[in-house]
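Hello,

Here is the structure I promised to pass on.

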Amino acid sequence: MQTRSLEILVGFFVCLGVAAVFVMTFRVASLDTVGRGEGTYSVSGVFQNIGGLKVGASVTMAGVKIGRVRDIEIDPSSFQARVSIDISKRYDKIPEDTSAKILTAGLLGDQYIGLEPGGMDDYLADGSELTLTQGALVLENLIGQFVAGQSDSKEDKLAEAIGQLADSLKSSSEAKQGAHP
Amino acid sequence: MTGSIAIISNLLSGLGRAQFFLFNILSAIGPALLRPRIIVRQIYMIGVQSLVIIVISGMFIGMVLALQMANTLDRFGAEDSVGVIVALAVIRELGPVVAGLLFAGRAGSALAAEIGLMRATDQLSAMEMMAVDPMRRVVAPRFIAGLISLPLLTAIFSLMAIGVAGGHLIAVDLLGGDSGTYWSQIHANVELSDLRQCFVKAGVFGMVVNWIAMYQGYNAPPTSEGVSNATTSTVVVSSLSILALDFVLTAFMFS
Amino acid sequence: MSGEQTSEDLLVSVRELNFGYANRVIYDGINVDIRRGKVTAIMGPSGTGKTTLLRIIGGQWHPSHGQVLFDGVDVHRESRRGLYRLRQRMGMLFQNGALLTDLTVFENVAYPLREHTKLPDSMIRDIVLMKLEAVGLRGARDLYPEELSGGMARRVALARAIALDPDMVMYDEPFTGQDPISMGVLMRLIRSLNQSLGITSIVVSHDVGEVLSISDYAYIVSAGKVLDHGTPDQIRNSKSELVQQFLQGRPDGPIPFHYKAEPLTSELMGDAQ
C-alpha cells in the first residue's frame, strides 16, 4: 500500500531528526549537571571585586569543576560583592578554611572561581561562608599600576606589577587546561 | 497622499486578516490532532521531501565555513578553534536560518501553490459544503507538520554542517586537524542553552513559514496568476520574516 | 427525507435577499422558493450571480439583507455546528467537480462518509460502490481525478454529493463545457436521482433548452431581480422581452449588444477635436 511506505518514510525521517537532536545534545553541547538541580549545597563568599564573573560560571578545585555560581549580589553593609555558589554534594569534605579566587580562563577568557583547600578538620556545609577570598585581577588596574609605576620610575613597583600579571596568566592557563580535560 | 493611505490601510487589513487566520489555525489544531494520519502525510510532503536539499546544503555550508575559518585562524595559531566557530555559528544562527530559508523555498512555495490551487478549483469550498472544516482538515495539519518538521530538519542540517561531513571533513580529514580536539573544543564551548535557542528558532520559523504560505494560498485569487503570485510572495515574505525574527529572537534570548 | 412538512411544502425559501460586493449589487431583494422533491432551475445571463445564490443557500456567504430558510431553519442564524449539520443534508455539485486531487475516485466518494459517520470500512465500501454504480463509474474507482474527463469528474462529484443521502442537491452549471453525450448523461442522472430518490434539486445554468426540459419549475434571474418564474411552459410563453431574448439567444434586445458607452459619433468627433 502506498500509505504504508509513506508512513515508513516519515517514521525514518522523525527517527533521523530525533537522533540528530540527541547527538547534538550529548556530543556537541556540554550537558553537565554539576551544580544544577539536586545534590548541591550552597556556600557564599564576599569578594572585593568580581570583575566579569557571571551567574552560571564554573567553580573548580584543582582544575576540576565541582560547582556553579548561583547568585551574585551586593552585600548591603560592606558594599562588596556577595557570591553564592552551589557545590556538588559529592564533594562534602572540603575544609572550612578553603580560599576562593576569581580567575580568568586565558588572558581574556571567561572568569571562574577557583577553590584552594585549607587544612582544617571542619568541613564546609550548607550556608557556610568562605572567608578567605581574592577578587578578580582587573587587567585595566594592572596596566594602570604598570604605567603609574613607570612614570614614577619605581623599579620595585614595576617588577611587582609584572610579577602579578605573570602569576595571573600562569595560574589561569593552568586552570584553563585543567578545566576542559 | 490618498494613494499612500490606501497602501497603508491595505497593509494593515492584510496583517489583520493574517492574524485572524492564525487564530483560526490555532483553534483548529486540537481537532486536527485527532487525525494523526493526515499530519503524517503532511510531514512526508513538508519534511521528508525537503530532506535532500537540507542534507546537501548543510554539508556545503559547514565545509565552506570551516575552510574560511581555517585559513584565518591558522595565522593566529588557533586552528583548533575551527570546530567551535563552525559549531557556534551553525547552532546559533546558520542552522535555523538557512534551514528555514531553504524550507521556505522548498516546502513553503509548494504549500502556497497547493492551497491556492485547492482554492481555485473549489476544493476548499467543496469541503465546506460537505460540512468539513478545511481549517481542521487542510490547514491545521500542515501547520503542525511544519512545526514538527523544521526543528528536525534543522537538527539534521546542523549535524551535517558540524559533524558528519561539513566542518569535520575539512578541519580533520582535509587540513589534518585532530578529531578529538575538534570534538572536545566543541563540547566545551557549546552550551545547552545554545541548542535550546536553535530549536526554539527553528520551531518559530516552521510555524511562520507555514502560516504565511497557507495564508497566501488561501487568499490567492483563483487564477493562474494569482497562484503564482502567492507562491512568489510566500518565498519573499517568509524569507524576510525569518531574517527579521531571527534578529528579534536572538536579541530576546541572549539578554 | 425529513419527516416534518412546512405549510407550503417548501424545502428552501429565499426571502428578500440582498447581496453585493463592495460597490456592485448582485441581488436586490429576490424571492425564490424551492419545492420539495422537485427540480427547480435558476437561469440567467452569465455574471448575474447564480452561483452566488447557491453559496448563500449553503451558508458559505452571508447576505447583507434578507434570509434563507432551509426546512424552516434560518441558514445564516445557525451556529457553526448547526450550519454544518444542515450542510450534511445538502449536496453541492461544483462546476468542475472540485474533487480532492490527492484522493482516488473511491476515496473522494468515501470522504463525507468517513468524516461524518462511524460506519465500518466494509459498509463504507458498499455504499461508495452503490453510489458510483448510480453514476456509472464503479469501474473507475481507483483512478485519480486528473485521469478523468470533465464529465466523468462531475459524475464522481455527483456520487460524492449524494453519498450522505442528502435532502437536496445543488447543481452549479452542470452542463457547461460538456459534449452532447455527457450532457445527456448528466441530464438523465439529475432527473433519475430526483425521481428515484426524491432528491430536491436546484439546477443553476444558462443552457436554457436542456434545463427547461428536466425541470419542474424555473426562475429567470437578471440584474439582481427575478424576471419571471413558473413552469417550463409558462417560461417559454413569457411576455417579458428580456426572457424571450434570453431563451432565444438574440444578440440584441433589452440586454444590449453594446456595453454602455457614449454614442459612437460623438466620441469620434470628440477625438477629432
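Chain B and chain A bury about 2300 Å² between them, and 79% of that is on carbon and sulfur atoms; buried area here is the accessible area (1.4 Å probe) that two parts lose on being put together, summed over both. This is a predicted model, in which local features need pLDDT of at least 70 and side-chain atom pairs count only at pLDDT 80 or more, while totals for chains, interfaces and linings use all residues. Residues are numbered from 1 along each chain as its sequence is written, chains are lettered from A and ligands numbered from 1 in the order in which they are written, and side-chain values use heavy atoms, with hydrogens and water left out.

In this interface, 25 residues of chain B are in contact with 21 residues of chain A (contact means heavy atoms within 4.5 Å). There is one salt bridge between the two chains, a term that requires a side-chain nitrogen of Lys or Arg within 4 Å of a carboxyl oxygen of Asp or Glu. Arg37(B) and Glu7(A) meet in a salt bridge through their side chains, at 3.1 Å, N to O. On the side of chain B that touches chain A, H6(B) gives the most, with seven residues (helices are DSSP runs of H or I, at least four residues, numbered from the N terminus). That side divides into 18 nonpolar, four polar and three charged residues, where Ala, Val, Leu, Ile, Met, Phe, Trp, Tyr, Cys and Pro count as nonpolar, Asp, Glu, Lys and Arg as charged, and the others, Gly among them, as polar.

Now to chain C. Chain B and chain C bury about 1800 Å², 53% of it on carbon and sulfur atoms, with 16 residues of chain B in contact with 22 of chain C. The rule finds four salt bridges across this interface. Glu115(C) and Arg35(B) form a salt bridge with their side chains, at 3.6 Å, N to O. Helix H5 (123-129) and helix H6 (134-164) of chain B each give two or more residues to the side that touches chain C, and H5(B) has the largest share, six residues. By class, this side of chain B has six nonpolar, three polar and seven charged residues.

Best wishes
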